[in-house]
Structures are given as C-alpha cells and as structure tokens.
Amino acid sequence: MTTQQLISEIKRKKSFLCIGLDVDLNKIPKYLLEKEDPIFAFNKAIIDATHHLCVAYKPNTAFYEAYGIKGWQALEKTINYLNKNHPEIYTIADAKRGDIGNTSSMYAKAFFEDLGFDSVTVAPYMGKDSVEPFLAFQDKHTILLALTSNKGAFDFQTKIVDGTELYKEVLKTSKTWENSRNLMYVVGATKAEYLAEIRNIIPDSFLLVPGVGAQGGNLQDVCKYGMTKNIGLLINSSRGIIYASQDENFAEAAAKKAEELQGQMKQILQF
Ligand SMILES: O=c1ccn([C@@H]2O[C@H](COP(=O)(O)O)[C@@H](O)[C@H]2O)c(=O)[nH]1
C-alpha cells in the first residue's frame, strides 16, 4: 500500500487507529482454546468486530513465534484473512528485525513477499546496509525504531553521541539512505514531549506510535505535537483493546474500546 492510499483511508474512516494483535493464550476467552486454531479464531473475531474503526493492524510476531509452527501458521492465516477481506487495511509486522545485508534481504522477503505485509519494524542499530534491503521493496514501508515507549529507551536512544541524541542521529542519517521515502519511524506515546523536536527533523514522515492504553501514553499530547497536515500518525493500542473482556462478548467489548479511541480521533481530525 502506498503512503497516499493510507492517508486516503485515514481521511475516509476518520481514524488513524492501529490495533495490535498480540495474542496471549492465557488471556483469551477459555472457550476459544477448544477451537482448532484458537489464535486465528480470536484474531478473526477481533478483526470482524473492529475493521470499520481502524486503518491498520499490527501483529507483534513474538506472540506467534512463542507458539512455534502453530503460531506462525496462525500469523499467516491472519495476514491472508486481512489481505483477502480487507485489502484497504494497512498491515504491520512488528518483528523488529535487522541484520547484515544478505540476512536482512531474507527477512524482507519473508515479511513482504511470502507473508504479504505492508510494513515491518526494523532496528537501526546495525546501520545502513542492514536497513536498505527492506527499503528496496516498492510500496512497502520499513518502520525504524527511533524513540521507543519503554524505560530502557533512556539507556541508549537519548544518549548524546557527537553532540546529538542517538535517536536524532538515527532520524537524520536514515533520511540519506536509498529509498528513504519508504521509511516510517516508531516513537512511543510515552515520549510525546519529544515529538516537537522530532518533527523538526522529519516533518512529513509517518510515525507508528505505540504506548497509549496499557502503557499510559496520551492520545491528545501525541496529536498536539506529532500530527502533520497529512496526519502522519498511526496510533497503536493492543492490550487496551483486544483484552477489554475475557467473556464470550470479547469482540464487542474490543469494538467498544476501539470506538472510544476512534471517536477521539474523529474529533481531533475536525480541527
Ligand atoms: O516502542 C515500542 C515499540 C513497540 N511496541 C509494541 O507495541 C505494542 C504495544 O502494546 P500495548 O499492549 O498497547 O502496550 C506491543 O506489541 C509492543 O511490543 C511498544 O510497545 N513500544
């Protein structure tokens, strides 16, 4: 999906909500465990109930890899279901990959060609040659970790290196890489106070913003400092939406939570 198509969808749905599909078998309703593929059954119910409220879904691959071959099959079924039934919805493989060039090429092939995701999250630590194999794919996005939502972000990302914070160096340097138009960046909602400075460096790039809901980030603050004329934000909530209830009504409860966030987004987009 192109950036322009994503922007059109955001405007059409009046939503820049991304729902995280982080399926933990200990947290889903017990009756689903009887199904042949409980993870996919859960995802399908969540997608069916929420697809009109969001513009993106983000499965974090850890939650699938943790269940071995069955988990990977459930991930494949989920992305196939989305691409077949909701091709207008943007998909993010939150996999945080990145390695030497030839290995990164294989990661890119796995997520973009084999699974058919629109984007994948990538760690910038190994530098240009570890990221460019992802950027080589046309109409696919590479979402680079910039300033993450966790406390550990202060261990390295905000450290001053050669007179500038490391995360700012990631933003500045990555703009010079081949096909950098295919870049988006992760900035945690818990780091909203950094967004004004981030926007000075990357005024137009899309940001994937996890950390509202369970991690305590604030939607209004993120929008105040991070929104661009083309919105430029995908706000992710995972646990805050998908685990709204553990009863049989879990999908409706998730839709209610998603609707609350989408309602706030709709209001913000009016101004
Ligand atoms: O900085 C980051 C990068 C990625 N994540 C991921 O986003 C979701 C957040 O889930 P919640 O349940 O809404 O807290 C999860 O998959 C994280 O691994 C992040 O939180 N922060």
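Contact means heavy atoms within 4.5 Å, and axes are lines fitted to C-alpha atoms, for helices over the stretch in contact, with angles from 0 to 180 degrees between N-to-C directions. Helices (H or I, at least four residues) and strands (E, at least two) are DSSP runs numbered from the N terminus. The model is predicted, so local features need pLDDT of at least 70 and side-chain atom pairs pLDDT 80 or more, while totals for chains, interfaces and linings use all residues. Residues are numbered from 1 along each chain as its sequence is written, and side-chain values use heavy atoms, without hydrogens and water.

**View 1. A closed barrel of 8 strands.** The strands follow the order β1-β2-β3-β4-β5-β8-β9-β10 with parallel pairing, where two strands pair if DSSP finds at least two bridges between them. From one strand to the next, the twist averages 30°.

**View 2. Strands β5 and β8 with helix α8.** Strand β5 (residues 141-147) and strand β8 (residues 183-187) run parallel and are joined by 5 bridges. Leu147 has Val187 in β8 as its bridge partner. Across β5 and β8 lies helix α8 (residues 166-174), at about 150° to β5.

**View 3. The packing of helices α2 and α4.** Helix α2 (residues 38-50) packs on helix α4 (residues 68-85) at an angle of about 25°, with the axes 9 Å apart. Helix α2 is therefore roughly parallel to α4, a term for angles under 35 degrees. Residues in the contact include Phe40 and Ile47 of α2 and Ala74 and Tyr81 of α4.

Conventions
Angles under 35 degrees count as roughly parallel, over 145 as roughly antiparallel, 65 to 115 as roughly perpendicular and the rest as oblique.
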